[in-house]
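Student: Could we go through this structure together, one question at a time?
Tutor: Gladly, let's take a look.

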Number of protein chains: 6
Amino acid sequence: MRNGGRKSDELRKIRIVPDYIRNCDGSALIEWGNTKVLCAASIEEKVPLWLEKEGEGGWITAEYSLLPASTNPRSQRESSKGRQSGRTLEIQRLIGRSLRAGVDLNLLGQRTIWVDCDVLQADGGTRVASVTGGFVAMRLAVNKLIRSGKIRKDPVISHVAGLSLGYVGGELLVDLDYSEDSKADVDCNIVMNSRGEFIEIQGTGERGTFSKNEFDGIIAVAAEKIENVFKYQFLIFEK
Amino acid sequence: MRNGGRKSDELRKIRIVPDYIRNCDGSALIEWGNTKVLCAASIEEKVPLWLEKEGEGGWITAEYSLLPASTNPRSQRESSKGRQSGRTLEIQRLIGRSLRAGVDLNLLGQRTIWVDCDVLQADGGTRVASVTGGFVAMRLAVNKLIRSGKIRKDPVISHVAGLSLGYVGGELLVDLDYSEDSKADVDCNIVMNSRGEFIEIQGTGERGTFSKNEFDGIIAVAAEKIENVFKYQFLIFEK
Amino acid sequence: MRNGGRKSDELRKIRIVPDYIRNCDGSALIEWGNTKVLCAASIEEKVPLWLEKEGEGGWITAEYSLLPASTNPRSQRESSKGRQSGRTLEIQRLIGRSLRAGVDLNLLGQRTIWVDCDVLQADGGTRVASVTGGFVAMRLAVNKLIRSGKIRKDPVISHVAGLSLGYVGGELLVDLDYSEDSKADVDCNIVMNSRGEFIEIQGTGERGTFSKNEFDGIIAVAAEKIENVFKYQFLIFEK
Amino acid sequence: MRNGGRKSDELRKIRIVPDYIRNCDGSALIEWGNTKVLCAASIEEKVPLWLEKEGEGGWITAEYSLLPASTNPRSQRESSKGRQSGRTLEIQRLIGRSLRAGVDLNLLGQRTIWVDCDVLQADGGTRVASVTGGFVAMRLAVNKLIRSGKIRKDPVISHVAGLSLGYVGGELLVDLDYSEDSKADVDCNIVMNSRGEFIEIQGTGERGTFSKNEFDGIIAVAAEKIENVFKYQFLIFEK
Amino acid sequence: MRNGGRKSDELRKIRIVPDYIRNCDGSALIEWGNTKVLCAASIEEKVPLWLEKEGEGGWITAEYSLLPASTNPRSQRESSKGRQSGRTLEIQRLIGRSLRAGVDLNLLGQRTIWVDCDVLQADGGTRVASVTGGFVAMRLAVNKLIRSGKIRKDPVISHVAGLSLGYVGGELLVDLDYSEDSKADVDCNIVMNSRGEFIEIQGTGERGTFSKNEFDGIIAVAAEKIENVFKYQFLIFEK
Amino acid sequence: MRNGGRKSDELRKIRIVPDYIRNCDGSALIEWGNTKVLCAASIEEKVPLWLEKEGEGGWITAEYSLLPASTNPRSQRESSKGRQSGRTLEIQRLIGRSLRAGVDLNLLGQRTIWVDCDVLQADGGTRVASVTGGFVAMRLAVNKLIRSGKIRKDPVISHVAGLSLGYVGGELLVDLDYSEDSKADVDCNIVMNSRGEFIEIQGTGERGTFSKNEFDGIIAVAAEKIENVFKYQFLIFEK
């Protein structure tokens, strides 16, 4: 039995608090089970140098960090180590790619949206929570651009969200918490858009391997269950 | 008139949420006006090498960080720059010294308490909010050590809290917000304990200078008004 | 038509030169089309600290680098920048996970095999070439351990190799070269073992998205075509 | 009794050698008891980017360093560690703020004066010696600007100097040497201008705390005794 | 007797493979005994900032690196350490100076040639192999500039090559391999041009010292034997 | 005519002040013309890890730095850049090798002598001034070890000193100052011991090249003129 009596295909409770902080241009605190990620979008009225040379269009980039006390035992602060870990860089590249896939960058204008995802408490699934909450922060920042007249046509193509799944002891579990993740044979992170299309699929079998059939199972369940994640995003923007 | 119609000697609203995150050993979210700092204490069962050589006693150290989106415009992430700024290091040294002044380190045993103060939203006074909230996180972690029997005698000597004051346009203002702080002639951060003793006094007159009389005024008002800060700490531990 | 008149499901020429360099414990130069990667395995008779604490078993870790002149324009040297890029760290983590999945680490004994993959010339597919050539270097180093009597039972469970695929202009292409990769809508890197099981699946749709059907197509073709990659590995060890 | 038979309110011998080095625009070697600091001012005909955007006015900034052999035991060189310590950054920020408080930056013109304070030998009070000697180096560099006709009106408002004080064993001591500083209960660094106004007050009670009365005593004595420090500066510029 | 039965004044076998890699503008793999260095020249159509200010002329700069597995035991990767070693920097400065001495930089035009020397396998003499192979890569890049019409007059003044020599057990040996180098009393690296002039002479007697006579012997033998190195360069360009 | 009317083979005035600073174990301020270097030796009662493994014997290592204001224009501080330059590392490696060549490390015992050479004012020849002054600081530290009975037999084999020479406009000049050095065609740094043996010879012809005859001239003059440098060292130790 899973923690809290969850069924194998049952997600943890998700709660998204929009506008949790207000100095930036859009923000959301996402609580996904015991995982808490503060997502914040800041608009900068310029683009990276390499993009500037190319001419038109904007950019969306993400940064991810585990606050030291978000994990047990405490993680050393990366600014004090003087470098970001490979895991951090890998995750923030995934978040950035995922969010860009939901936006027509040409319609964004020559500006950058920075999406900061800082994990306040970590209990598994921080990267998909970051994608999901990061989308909300970004969407709010884009809405601000639209309201202020800086953008005329909405550049957001579709919602973007993520979900993790894995095989633990031969059973396919949806939405792994930390205790499950650390004993999973196969671990998979999926990012999709709200049209049912896949943006990122990352399946890893370090502790085991997986067959084509098992992988097909993951994909099918992911596509179905991620609908529940999108619902929480829709709740915010339908208000 | 100050923002929100505050009087010159009136503090902003303070709210301290204990146990805001739970992977660490003690935590508090402190909301001080629009400033929000997440303070978290983690116990490590060893001490720094230099202290280990000296024999007995424990250690308390603090780390401070502005989350990128806590300020407007966004601040670059220090882990991505590869180094902590002078301001960050100066503040976390102040927090560490202040908290150690409230604890008998010999009674703590050979362990370290790490106090992380991460600013979620910055609107002035982040260092005194960090001292005040950091004390709560540390106190909760010490209580956990006592409950578990690892410590017999309470090592906490007194509560510790901070308050900022400054002269703006010739007027002494208590608890500066960001807009006030950025135009202050003289800026002062005070850390005291709950016995009415001073732990740190830092007065800076970069934009102006101050006379002995003006400084005496700051000290007298600080000693009186900081009582209101201690009240919020007492509320938590009297429950 | 693809460069060199390749068919959509045709791999480029692969050539693996074992023992290309000899100061280390196993090496292979892999030439995969115009991509050239020097893979070298070095045995160190100790394990990382965290593993040492856990007791038994060995470790395999990989490092990846693009030599500056392997790309056009030249890439800045990471040692001169003072940090490895996110891309580098992401790729070397993938290589390490992939190679570990082919080995029973408990049979390796308390030692580490470092697998260095240095790209001499880059023309797409460097990460799967690194996995494929890195396996050969690692296998040769393990053979040396067996010959010297340091290991009794072969810890290698199966061969490990990789293959990249992608959709370019709506067509599924196997083994993308750089010009194809840079215009692919969907890009996928697959790592499998020689038993037909999947170790890693990474599909990215930054420029586009992909449907479940398209992804199923990728998986099916990958599983078939990777057989041609394993053949080149088998050639070496059947001698 | 203090080292050298000093009375509790007696300063150590101070000697300031102007123009000690001559490649820069102004310099002074300050010997304050056994503490020796080489202070050097270099004029750069541009200002930091953030100031350039604001339009007019110049900038004064300071850097501080302990030479490795200035302390016993030797301190590791910060350039070899790859980062400056928090203590270094805290001190150089203090020196910079203090010197700027003595200058009308608008009269300086669009240029920066760099003030380097390198401690050749450390025996307590290095930060106040740096402020005091740094002022002389800066003043000499400003004089050079005036002589050359680059500045018409003297931008120096007043002299700036510093003094340290502390309570050791219950007694208020002026100008602590290293052996006193390391056992002080309360430690205070004061920076004033030659008009009798305060620029910085930093009081720290890590080992103890201090009452309002004790602090008032520090302030009163500081204001009186710092006159003796200004005398040494006046000697140089009255010649 | 030396390894491979070499006489004291006999060089190891040298083989230079031009155009070994093809994304850059000129390359050469130099195999010098068991030492293998991949040298690659990349043209960048700009010059360093300090040179740009001076007006005309180009620049040639070199970078050097030991691949981790080129040595036994493995060397830690410098990009992972976050800094280049003193040895690396010292060698790449030598290579750069040496190559610049063979070129009239004014005739090169406002461009930079980067010469990367990456040691694939190290067995002594890597720095002189890098100079020798680096010259070939640079010469090929210059030829490309001439063929494309970007340069009219050949800027190459003369060939440049290097040779190491040393006293081992009192005997003067030419072209030390690693085992000889590590027990040499005196170690000397010579760079000359093909006109018989010296560009760099570096003699080190850390383990011993050397007399004027011994040094004269080194210089005389170097000047004679380096002719054999130039022969391999001439073979390439006479084709 | 040279600055100050010096003849081509005439050295600048040298002055060595022993014991200039006193927290370390030996020190010397060397003033060589307008070049001023503070050399300081600190004894550490342990050796580097790699040496510890080898068993007996001590170590001598040097660090070199240009203080920012020692040059005109000011040099950026390396601790603030976060890395030491190639020039710095190259010079400190030379100083360390040179000093070790004058000492029997086995007689030093398992300890390290750190020799810090900090250039207060730079006017050419800083590296040979550092070797020469660094020897004095080291010798004083060794004397302290002998006086305290920690070492029985003097490990110093001979004095060590350096001298720079170069061809400027076709003329061989001894002891180049900065203005001469910056226009020299060929530049040579020589380190010798007081027995007339060579320790290091570094000749560089970046701006020109040099013939065997010219180099022979340099060596002969260096060997003669360095006697004048040793005299200043002898003056100190004959007292």
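Student: Which residues of helix 4 of chain C does helix 3 of chain C meet?
Tutor: This is a predicted model, where local features need pLDDT of at least 70, side-chain atom pairs count only at pLDDT 80 or more, and totals for chains, interfaces and linings use all residues. Residues are numbered from 1 along each chain as written, chains are lettered from A and ligands numbered from 1 in written order, and side-chain values use heavy atoms, without hydrogens and water. With contact meaning heavy atoms within 4.5 Å, C:Arg87, C:Glu90, C:Ile91, C:Leu94, C:Ile95, C:Ser98 and C:Leu99 in helix 3 of chain C meet C:Thr126, C:Arg127, C:Ser130, C:Val131, C:Gly134, C:Phe135 and C:Met138 in helix 4 of chain C.

Student: How many residues of that contact between helix 3 and helix 4 of chain C are nonpolar?
Tutor: Ala, Val, Leu, Ile, Met, Phe, Trp, Tyr, Cys and Pro count as nonpolar, Asp, Glu, Lys and Arg as charged, and the others, Gly among them, as polar. In the contact of helix 3 with helix 4 of chain C, four residues are polar and three charged, while the nonpolar ones number seven.

Student: How many salt bridges are counted between chain B and chain A?
Tutor: In this interface, 34 residues of chain B contact 34 residues of chain A. A salt bridge is a side-chain nitrogen of Lys or Arg within 4 Å of a carboxyl oxygen of Asp or Glu, and A:Arg77 forms one with B:Glu63, their closest N and O atoms being 2.7 Å apart. Between chain B and chain A, the count is 10.

Student: Which residue does a cis peptide bond join to B:Asn72?
Tutor: The bond has an omega of about 5°.

Student: How far apart are the nearest C-alpha atoms of chain C and chain D?
Tutor: Chain C and chain D do not touch. Their nearest C-alpha atoms are apart by 11 Å.

Definitions and conventions: Helix = DSSP H or I, 4+ residues; strand = E, 2+ residues; numbered from the N terminus.
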